[in-house]
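Work through the exercises below with the structure open. Each task is followed by a stepwise solution.

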Amino acid sequence: MLLADVAIFALALYAAYLFRFDFDVPERFSSQYQGLLKYVLVFKGALFLLFGLYRGMWRYTSLDDFWRLLRVTALQSLILVSFVGFRFSLIGVPRSIFVIDWVLTLVLCSGLRLTIRAFYTRTFSLARQAPGRKDVLVVGAKDAAEKIGRELMANPAHYNLVGFLDDDPDLKGRTIHGRPVLGPVGTLGAVAERFGVDEIFLAVSEASAEEMRRMVETCKGTGLPYKILPAMTEIIDGKVDIKTLRDIDYLDLLGRSPVNLDTGRIRQYLCGQTVLVTGCGGSIGSELCRQSVRYRPDRLVLVDAGEYNLYQIEMELRHTLGFDRCVTVLGSVADAPLMERTFREHRPSAVFHAAAYKHVPMLERNPWQAVRNNIEGSRTVMRAAVEAGVERFVVVSTDKAVRPTNVMGASKRVTELLMQSLSGGPTRFMAVRFGNVVGSSGSVVPLFRRQIAAGGPVTVTHPDVTRYFMSISEATQLILQAGSMGDAGTGGEVFVLDMGVPVRIADMARDLIRLSGKEPGVDVEIVFTGLREGEKLFEELITEGEGIVRTEHDKILVVGSAATVRSQDLDSELAALSRAAAAHDGEAIRAILGRLVPEYSPNSN
């Protein structure tokens, strides 16, 4: 490789003289060329070695290699001109020689590398007739489609990229990596039949829910297998690989756009700090742990009442994510001595309070547990945090706290009130309110999948019931972002995540049945069972008297309320609530919750 470049250096310099003198080089300048050649070879060869131009593999030459060549050859020419000027004062040396030599060196060195890459690409392309090779069509023609197209072109033995489809009329007829944009998505069936397509890849990470449903229906109409490229936020370091393609999942039909995080602000309050997560073994808590370690905290304190869940997240952090600076605390958040000792010993600077019972019908039947865990446990952890001088305390709340019709929602609203009553001091409290997360423990999606796998029926409570949904990953990322907002010393804000458009549960059931390759009402029946105790037809994100204010993040809003909550106003009612819980008196618990949360309406749907 070095010898090939040395030959190019000599040729480029000689050609520069030929061009300068119209291919009739005088004898005096021929001698000058021979005298200058040894310096050119030494300078150029040394710089190519010094800047590592022989460390790469030429068969994988890229645009980055070209820019590196451009910089190195420009530097070579500057050094050569400086040397000749210093050594010979440029007397009798044509100045244009150096410019022509630089251009020819760049063109010839780049051309050599490009030729080698073309040779290997052509060699690999001979495998196109290999058995099992698939003709594929990519839906989409934006950034994600370009990346998957590049990967497909790099795997000619397994895939033949036919082209792209996109609804943007300006893109029709254009090419990406030499493959054309063949038309809009609506022509998918005709294009697939014309080119004998074997498989369809969707690279449309920013499509809306309606657009995604339309594309999935179009793909199903072709009868061909189809897969989707995950959202770019799920692909580590932006690396896209054929192996990341997967079957369409229900989350894809929600049409949630990728979350843009201000990672600098999150890193500022997590990096090098001690972070404590309650309920760390649950769906939200465990994902908060996974997301937090990306920002390099000094230590993670894991608190959970479930032994197995606690063990699972600890093993995942240590052995899968390679984070071994974690401490496990097995116990209930309502255990005041344990919480006080934990906070005193580890002195966390940030706390994510995700520990809570959340199953609505279960807590309707056992309301004392909602008091014990959701209310008393939250107050215990908050007080321990204040005493330990915690800087930030983030409460994971729910949309069921808005005009609650069940004990679970009312208990979470009381938790928000507790948080606001303790705000204003050195510990900055905030709550993050959002709806359902797809795939969390107790979520309806895993239940529907099990029912579909069993052949049905799929049970839905009411034809008109709607819920807000987002992914666990999106929810936790936004919780981390909300934790970075606001000024130190203030607090008590209730942040609301932008949940998009509510989803009708009956429509969700139909979508999941179709994604499993079956037809609702034909292969799998949907049965309506009636609303369960404490359930509402629809959820809300704000209540009367609250106003929504936009924050600097497009998916995070803050609830504005003129009401102030004092700790002493809550103490007597909370004491009565604790006595009712100790006596397992459900009616008394509901009555006290009604006084604490006036908008609580147990009989309202």
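Contact here means heavy atoms within 4.5 Å. Angles run from 0 to 180 degrees between N-to-C directions. The model is predicted.

**Exercise 1. Describe the sheet and find the helices that lie across it.**

Step 1. The open sheet is formed by six strands, ordered 3-4-2-1-5-6, with mixed pairing.

Step 2. Its edges are strand 3 (175-176) and strand 6 (226-228), each of which pairs on one side only.

Step 3. Strand 2 (residues 159-165) and strand 4 (residues 179-183) run parallel and are joined by two bridges. Phe164 stands opposite Val181 of strand 4.

Step 4. Helix 5 (residues 143-153) lies across strand 1 (134-139), strand 2, strand 3, strand 4 and strand 5 (199-202). Its direction is at about 160° to strand 2.

Step 5. Helix 6 (residues 188-195) lies across strand 1, strand 2, strand 4 and strand 5, and runs at about 160° to strand 1.

**Exercise 2. Which class, parallel or antiparallel, describes helix 12 and helix 14?**

Step 1. Helix 12 (residues 336-346) packs on helix 14 (residues 367-388) at an angle of about 30°, and the axes are 9 Å apart.

Step 2. Angles under 35 degrees count as roughly parallel. Helix 12 and helix 14 are therefore roughly parallel to each other.

Step 3. The crossing of helix 12 with helix 14 is right-handed.

Step 4. On the helix 12 side the contact uses Ala336, Met339, Glu340 and Phe343; on the helix 14 side it uses Thr380, Val381, Ala384, Ala385, Glu387 and Ala388. By class, seven of these residues are nonpolar, one is polar and two are charged.

**Exercise 3. Characterise the packing of helix 10 on helix 17.**

Step 1. Helix 10 (residues 283-293) and helix 17 (residues 472-483) have axes 9 Å apart, at an angle of about 65°.

Step 2. Helix 10 and helix 17 make a right-handed crossing.

Step 3. From helix 10, the residues in contact include Ile284, Leu288 and Gln291; among their partners in helix 17 are Ile472, Thr476 and Ile479. The whole contact divides into six nonpolar, six polar and one charged residue.

**Exercise 4. At roughly what angle do helix 1 and helix 2 cross, and which residues meet?**

Step 1. The axes of helix 1 (residues 2-20) and helix 2 (residues 27-50) cross at roughly 140° and come within 9 Å.

Step 2. Helix 1 passes helix 2 in a right-handed sense.

Step 3. Helix 1 contributes residues including Phe9, Leu13 and Tyr17, while helix 2 contributes residues including Phe29, Leu36 and Phe48. The classes in this contact are 13 nonpolar, two polar and two charged.

Definitions and conventions: Residues are numbered from 1 along each chain as its sequence is written. This is a predicted model: local features need pLDDT of at least 70, side-chain atom pairs count only at pLDDT 80 or more; totals for chains, interfaces and linings use all residues. Side-chain values use heavy atoms; hydrogens and water are left out. Helices (H or I, at least four residues) and strands (E, at least two) are DSSP runs, numbered from the N terminus. Angles under 35 degrees count as roughly parallel, over 145 as roughly antiparallel, 65 to 115 as roughly perpendicular and the rest as oblique. A crossing is left-handed if the near helix is turned anticlockwise from the far one by less than a right angle, and right-handed if clockwise. Ala, Val, Leu, Ile, Met, Phe, Trp, Tyr, Cys and Pro count as nonpolar, Asp, Glu, Lys and Arg as charged, and the others, Gly among them, as polar. Two strands pair if DSSP finds at least two bridges between them.
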